[in-house]
Amino acid sequence: MMRVNPRLAAVAAVVVLAPAVSGCGVNAIPTNEENARAKWADVQAAYQRRADLIPNLVATVQAAAIAERTTLTQVIEARSRATSIQLTPEMLNDPAAMQRYQAAQGELTQALSRLMLVVEQYPQIQSNQNFIALQSQLEGTENRINIARRDYNEAVRAHNTALRTFPTVIWANTIHAGSGPMQPFQANEAAQSAPTVTFDVAPGAAPGSAPPAPTPAR
């Protein structure tokens, strides 16, 4: 009777079983998880691009000597808060961390919306070529943010679904027990409503008009 080499038998078993195991979705969970993390990197890159545009945008508006300094200050402060909150891939299953990140980015979105409403009252800013270029870049970046968030949420949905459906739920409770559900990105309610703007101008002065000249000393 021919004896079978144990090592060769083990190798043969791996070769035969590998397609069956992969077909059962054992690799689906880590694959989905890595895909969601990659999509999250795109979200962060889009938000960072927006943050990088803001200093030049603020400087351009400031150069026009507008009266609404409060709005500019809000944008600067909101940007500082948004850039100070980082959400690493390892934190994507933390609801509280995701909520903080969403809230900070939502505040910045609102502050930028108020700034754009203010700018509408100043033709000299709207005709500024630097501002026009920055506004175009900002609008393009907002589109990138929306697309990146959509793609990330779709990747999270695929990952979370795999954790709960057969046959991948088997691996979620055994081999990949350390992989938990990831948090989707949801815009907060404040970001869905139109911002309000209060113009910091002197009584009787129209937005966009020059500030009143100081009264000569007697």
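Not counting residues up to four places away in sequence, Asn32 touches Ala158, His159 and Ala162, where contact means heavy atoms within 4.5 Å. Asn32 lies in helix H2, one of the eight helices of a protein with zero strands; helices (H or I, at least four residues) and strands (E, at least two) are DSSP runs, numbered from the N terminus. The model is predicted, so that local features need pLDDT of at least 70 and side-chain atom pairs count only at pLDDT 80 or more, whereas totals for chains, interfaces and linings use all residues. Residues are numbered from 1 along each chain as its sequence is written, and side-chain values use heavy atoms, with hydrogens and water left out.

**Overall architecture**

- Read along the sequence, the secondary structure follows the pattern α-α-α-α-α-α-α-α, and among contacts between residues at least 6 apart in sequence, 80% join residues at least 24 apart.
- Of the 218 residues, 30% count as buried, where buried means under 20% relative accessible area, exposed over 50%, and partly exposed in between (1.4 Å probe, protein chains only).
- The protein exposes about 13100 Å², of which carbon and sulfur atoms supply 56%; accessible areas come from the Shrake-Rupley method with a 1.4 Å probe, and for residues only the protein chains shown count as cover.

**H2 against H6**

- Helix H2 (residues 28–62) packs on helix H6 (residues 129–164) at an angle of about 160°, with the two axes 8 Å apart; axes are lines fitted to C-alpha atoms, for helices over the stretch in contact, and angles run from 0 to 180 degrees between N-to-C directions.
- H2 and H6 are therefore roughly antiparallel to each other, on a scale in which angles under 35 degrees count as roughly parallel, over 145 as roughly antiparallel, 65 to 115 as roughly perpendicular and the rest as oblique.
- The crossing of H2 and H6 is left-handed, a term for the near helix being turned anticlockwise from the far one by less than a right angle, with clockwise counting as right-handed.
- By class, the contact of H2 with H6 has 20 nonpolar, eight polar and nine charged residues; Ala, Val, Leu, Ile, Met, Phe, Trp, Tyr, Cys and Pro count as nonpolar, Asp, Glu, Lys and Arg as charged, and the others, Gly among them, as polar.
- In H2, Asn32 counts as buried because its relative accessibility is 19%.

**H3 against H4**

- The axes of H3 and H4 come within 8 Å and cross at roughly 155°, which makes H3 roughly antiparallel to H4.
- H3 passes H4 in a left-handed crossing, and the residues that meet include Thr71, Leu72 and Val75 in H3 and Leu108, Leu112 and Leu115 in H4.
- The contact of H3 with H4 is made up, by class, of 10 nonpolar, three polar and four charged residues.
- Thr71, in helix H3 (residues 69–84), is buried with a relative accessible area of 5%, and, not counting residues up to four places away in sequence, Thr71 touches Arg114, Leu115 and Val118.
- Gln105, in helix H4, is likewise buried, with a relative accessible area of 5%.
- Leaving aside neighbours within four places in sequence, Gln105 is in contact with Tyr47, Arg50 and Ala82; Gln105 and Arg81 are 24 residues apart in sequence and 8.4 Å apart in space, C-alpha to C-alpha.

**H4 against H6**

- The axes of helix H4 (residues 95–119) and H6 come within 13 Å and cross at roughly 150°, and H4 and H6 are therefore roughly antiparallel to each other.
- H4 passes H6 in a left-handed crossing, in which Met98, Leu112, Met116 and Val119 of H4 meet Phe131, Gln135, Leu138, Glu142 and Tyr152 of H6.
- The residues of this contact between H4 and H6 divide into seven nonpolar, one polar and one charged.

- Most peptide bonds are trans.
- The peptide bond from Phe166 to Pro167, however, is cis, with omega near 5°, and Pro167 has its place in the loop between H6 and helix H7 (168–172).
- Gln183 is placed in the loop between H7 and helix H8 (189–192), and Gln183 and Pro95 are 88 residues apart in sequence but 6.2 Å apart in space, C-alpha to C-alpha.
- Leaving aside neighbours within four places in sequence, Gln183 is in contact with Leu92, Asn93, Asp94, Pro95, Met98, Tyr152 and Val156; of these contacts, Met98 in H4 and Tyr152 in H6 also belong to the residues through which the two helices meet.
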